[in-house]
Amino acid sequence: MRNISKSSGAVAAAAAASLLVLTLTGATNSSAQPAPDSSAAKPTIVLVHGAWADGSSWAAVTKNLQHKGFTVDVEANPLRGLNSDASYLRDYLATIPGPIVLVGHSYGGMVITNAATGNPNVKALVYINAYLPRQGDTVDQLTSEKPGSALDPNTTIDVVPIRNTDGTVVDADLYVKAALFPDLFAAGVSAQKAALLAAGQRPLTHSAIDEASPNTPAWQTIPSWDLIGTADRVIPPAEQQVMAARAGAHVLKVDAPHLSMVSDPDAVTSLITLAAAHN
């Protein structure tokens, strides 16, 4: 596993990777061969949000990546259960031609780990404050393996029952209490922005927390990168480190809360760009 510093190291590495791409392109153009289509050379970046979020949490990163010339797709993660969410993403990825860099935040890491298995177009996996599960792991298990998570289901969660047509409760939707959301997920983000994120959160089903990761993890065969927010109060940073080491991921540590793509979008963008340049 390789550590990358937040500031100069990441910037230098990104610059070096960009220079390498430019050098290779220039060499091709100087020959008698026709110049390649530059748009085809860049992978599509697919961003997958986690629980208690939606696609808007990627807004700043999306803007940064588009400015760099990437095509960016922000998948609407259904948050209905790990198997069904991974199946949906797998079908979504099948609509995208060419190479893909697949990025997951938090619970989105569970989803991309299962959806990318066996897809030859996925060239890199990027995890942002995310779960990197083994086959059989659950969200609940990974969250509690190391101390440090403040997401207590007894004190921080509101539960809304899900009923079938005859009124029988078949599952439940879980919401983070709005008053606690900013400190848990977005410490350091402006109070106004954190309140907007809390108000717009999308729930995760209770069943998804205990659902075992079903597939051989994609990180066994696809190179991976991992941003660890050292101020994360949802997924303990110590557990993130264990998961990253197990996956052999390239690691960037940032002094950021759980929603690092909101608090530190430039660092997240740099890591995604490094993963894209690797391919």
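How many of the five residues of strand 10 are buried? In this predicted model, the count is four of the five residues in strand 10, which spans residues 250-254, so this strand is largely enclosed by the rest of the structure. Strand 10 is paired in the parallel sense with strand 9, formed by residues 224-229, and five bridges connect the two. Within this pairing, L227 is found opposite L252 of strand 10. The two strands also belong, together with helix 10 (residues 237-247), to a right-handed β-α-β unit.

The largest nonpolar core comprises 74 residues, and the residues with the most contacts inside this core are I45, L102, Y107, L125 and I272. For L125, when residues up to four places away in sequence are not counted, the residues touched are L102, I112, A116, A218, W219, I222, P223, S224 and W225.

Helix 3, which covers residues 59-67, includes T62. With a relative accessibility of 12%, T62 falls below the 20% limit and therefore counts as buried. Apart from neighbours within four places in sequence, the contacts of T62 are with L47, V72 and V74. The buried residues of helix 3 include T62 along with V61 and L65. These residues lie on the same side of helix 3, because the arc that they cover around the axis is only 100°. On the face turned away from this buried side, helix 3 carries the exposed residues K63 and H67. The cover over the buried residues of helix 3 includes two strands and two helices, namely strand 2 (44-48), strand 3 (72-75), helix 11 (260-263) and helix 12 (265-278). After helix 3 comes G69, a residue with a positive phi, near 95°.

A further buried position is provided by A86, which is located in helix 4 (residues 82-93) and which counts as buried because its relative accessibility is 2%. When residues up to four places away in sequence are left out, A86 touches V111, N114 and A115. Although A86 and S213 are 127 residues apart along the chain, the separation between their C-alpha atoms is 9.7 Å.

Notes: Residues are numbered from 1 along each chain as its sequence is written. This is a predicted model: local features need pLDDT of at least 70, side-chain atom pairs count only at pLDDT 80 or more; totals for chains, interfaces and linings use all residues. Side-chain values use heavy atoms; hydrogens and water are left out. Buried means under 20% relative accessible area, exposed over 50%, partly exposed in between (1.4 Å probe, protein chains only). Contact means heavy atoms within 4.5 Å. Two strands pair if DSSP finds at least two bridges between them. A crossover is right-handed if, with the strands pointing away from the viewer, the path from the first strand over the helix to the second runs clockwise. A nonpolar core is a set of buried Ala, Val, Leu, Ile, Met, Phe, Trp, Tyr and Cys residues joined through side-chain atoms within 4.5 Å. The arc is that of the directions from the helix axis to the C-beta atoms.
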